[in-house]
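I'll go through the overall layout and then the rings.

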Amino acid sequence: MSFGGLFGNTVWKGEEIIPIIHSKEQLFVVIDAAVDFFKKHANPGERFRFTIERVGKDEFVKTIKEAYYGFGK
């Protein structure tokens, strides 16, 4: 699953940070983690990619991996 893609004047390819998700329930957990990260850290009007860059890719990857690998525990 990839995150952080951007189109427009500057194009960024989303980066794959977790394997493909096959379970709908696990997908929802990971999406919720990404949305919560954005709600917590984004500035008004900021694009998701820029939030990740500003806060730090490592922090975002940690959040997503915790959701992915913590699913079902």
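So, we have three helices and two strands here, and from the N terminus the order is β-β-α-α-α. Helices (H or I, at least four residues) and strands (E, at least two) are DSSP runs, numbered from the N terminus. Keep in mind that this is a predicted model: local features need pLDDT of at least 70, side-chain atom pairs count only at pLDDT 80 or more, and totals for chains, interfaces and linings use all residues. Residues are numbered from 1 along each chain as its sequence is written, and side-chain values use heavy atoms, with hydrogens and water left out.

Of the 73 residues, 29% count as buried; buried means under 20% relative accessible area, exposed over 50%, and partly exposed in between, with a 1.4 Å probe and protein chains only.

Now the inside. The largest nonpolar core has 13 residues, and Ile17, Ile18, Ile21, Val30, Phe60, Ile64 and Tyr68 touch the most other members. A nonpolar core here is a set of buried Ala, Val, Leu, Ile, Met, Phe, Trp, Tyr and Cys residues joined through side-chain atoms within 4.5 Å. H1 and helix H3 (57-70) are the elements that give two or more residues to this core, and H3 gives the most, with five.

On to the rings. Phe37, Phe38, Phe48 and Phe60 make up one aromatic cluster. Rings of Phe, Tyr and Trp (its six-membered ring) pair if their centres lie within 6.5 Å; planes under 30 degrees apart are stacked, over 60 edge-to-face, and the rest tilted. That rule gives four aromatic pairs. One of them is Phe37 with Phe60, edge-to-face at 5.0 Å centre to centre and 65° between the planes. Phe37 lies in helix H1 and Phe60 in helix H3, so this pair ties together parts 23 residues apart in sequence. Phe37 is buried at 4% relative accessibility, and Phe60 is buried at 2%. Phe48 and Phe60 have ring centres 5.4 Å apart and planes at 85°, so that pair is edge-to-face. Phe48 sits in helix H2, so the pair with Phe60 in helix H3 links parts twelve residues apart in sequence. Phe48 itself is partly exposed, at 24%.

Last one: is Thr51 buried or exposed? Thr51, in helix H2 (residues 48-55), is buried, at 0% relative accessibility. Leaving aside neighbours within four places in sequence, Thr51 is in contact (heavy atoms within 4.5 Å) with Phe37, Phe38, His41, Ala42, Glu46 and Gly56.
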